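Work through the exercises below with the sequence and the model open. Each task is followed by a solution in steps.

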Amino acid sequence: MIILGIETSCDETGVALYHPEKGLIGHLLHSQVDLHSEYGGVVPELASRDHIRKLVPLIRQLLNNCQITPANLDAIAYTAGPGLAGALLVGAATAKSLAWTWNIPAIAIHHMEGHLLAPMLEPDPPEFPFIALLVSGGHTLLVGVNDIGRYQLLGESLDDAAGEAFDKIAKMLGLGYPGGPLLSKLATQGTSGRFKFPRPMTDRPGLDFSFSGLKTFTMNTLHKTKQSLQDKADIAFAFQEAVADTLSIKCRRALQQNDSKRLVVSGGVSANNKIRQTLTTMVEQENARIYFPRLEFCTDNGAMIAYAGCQRFLAGQRENLEIQVKARWPIDQLL
Ligand code: KG4
Ligand code: ZN
């Protein structure tokens, strides 16, 4: 049994083949970073057009590389939301058309479920139940995961997601797109202790996040300096440290409140070194275990969609050929 996975929710075209016993057979990714960089952020219309250009050739190349023919495929899983509507529609329309042509089912996958299950692609995956921190460009979620499809939303960002905050601060500091990795690189030149930024919403109970006040605080601090490279690096350091500590405080609380000893951290921001270190230290103090996807599967990719698709296929999920996407789709509405 082989599942083809397709990811086109934002600025990466990802495809992968997954086999339930053999695991990941192959995967390919085309990043649109060069396309969007001159605009300083993702331009949705350009993203959709590029997915149209790249997706089918990428699928063909993947099948060739892995010596798999369409006759070997059992289903096609695609990201149906949340994400950019136009970009999602390219993946959905392609998946449904190929599924119809090859006479196999298509399976709609929730993008954040893909991120949530990405650590399952690693050699020593977590057992259920666990707590998941999903930190991406569009979402910051804490989820209680009892099993595949059994998700309890414990907390979420009330305004900017963590990745969005990284991207906006990076823009403010005059760094390019994508902001997260560039800010993190600049922070390595920063001085520890020069600035201390707030850890938002950690002084009250609850597991929700809010990064927009931290963004304003960072902007005000920047404007009080001469905005030299060292000032910017020190600010990047303090901002990153504040985000890392905030995530860590909330994750510790989630583990304790749910009496859990397993934390999964996934989504683009989980590629951040400082955040990985801070969370790892906290989890060790809690005598718990932490699970990350490998770096290339922290950000958007086809492998996590193929994996989620395989689990959904095995659980009997099927759908008709109607092409539908959901730009907004709360994860706790998944069955
Ligand atoms: O999961 P992802 O690839 O796409 C979404 O589903 O949104 O996440 C992209 C986000 C962007 O905001 C990007 O700046 C952030 O992840 N990101 C990082 C790092 N790598 C990617 N943020 C901080 N540090 C990084 N190393
Ligand atoms: Zn994502």
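**Exercise 1: the two domains**

The protein chain of this predicted model is divided into domain 1 (3-116 + 297-333) and domain 2 (128-292).

Task: State how many residues each domain gives to the contact, and what area the two domains bury between them.

Solution. 
1. The centres of domain 1 and domain 2, taken over C-alpha atoms, are separated by 27 Å.
2. Domain 1 gives 18 residues to the contact and domain 2 gives 22 residues.
3. Between them, domain 1 and domain 2 bury about 1700 Å², and 71% of this lies on carbon and sulfur atoms.
4. On the side of domain 1, M112, L116 and C298 lose the most area to domain 2, together 37% of what that side buries.

**Exercise 2: the zinc site**

Task: Name the protein donors of the zinc ion (ligand 2) and decide whether H111 is buried or exposed.

Solution. 
1. The donors are H111 (NE2), H115 (NE2) and D300 (OD), at 2.0 to 2.1 Å from the zinc ion.
2. Their spacing in sequence is H-x3-H-x184-D.
3. H111 lies in helix 4 (residues 111-117) and D300 in the loop between strand 10 (289-291) and helix 10 (303-314); this pair, 189 residues apart, links distant parts of the chain.
4. Buried means under 20% relative accessible area. H111, at 6%, is therefore buried, and D300, at 13%, is buried as well.

Note on methods
Residues numbered from 1 in each chain as written. Chains lettered and ligands numbered in written order. Predicted model: local features only at pLDDT ≥ 70, side-chain atom pairs only at ≥ 80, totals over all residues. Heavy atoms only, no water. Donors = N, O, S within 2.8 Å, 3.2 Å for Na, K, Ca; no water. Helix = DSSP H or I, 4+ residues; strand = E, 2+ residues; numbered from the N terminus. Buried < 20%, exposed > 50% of the residue type's maximum accessible area, 1.4 Å probe, protein only. Domains from an automatic or database assignment. Contact = heavy atoms within 4.5 Å. Buried area = accessible area lost by both parts, 1.4 Å probe.
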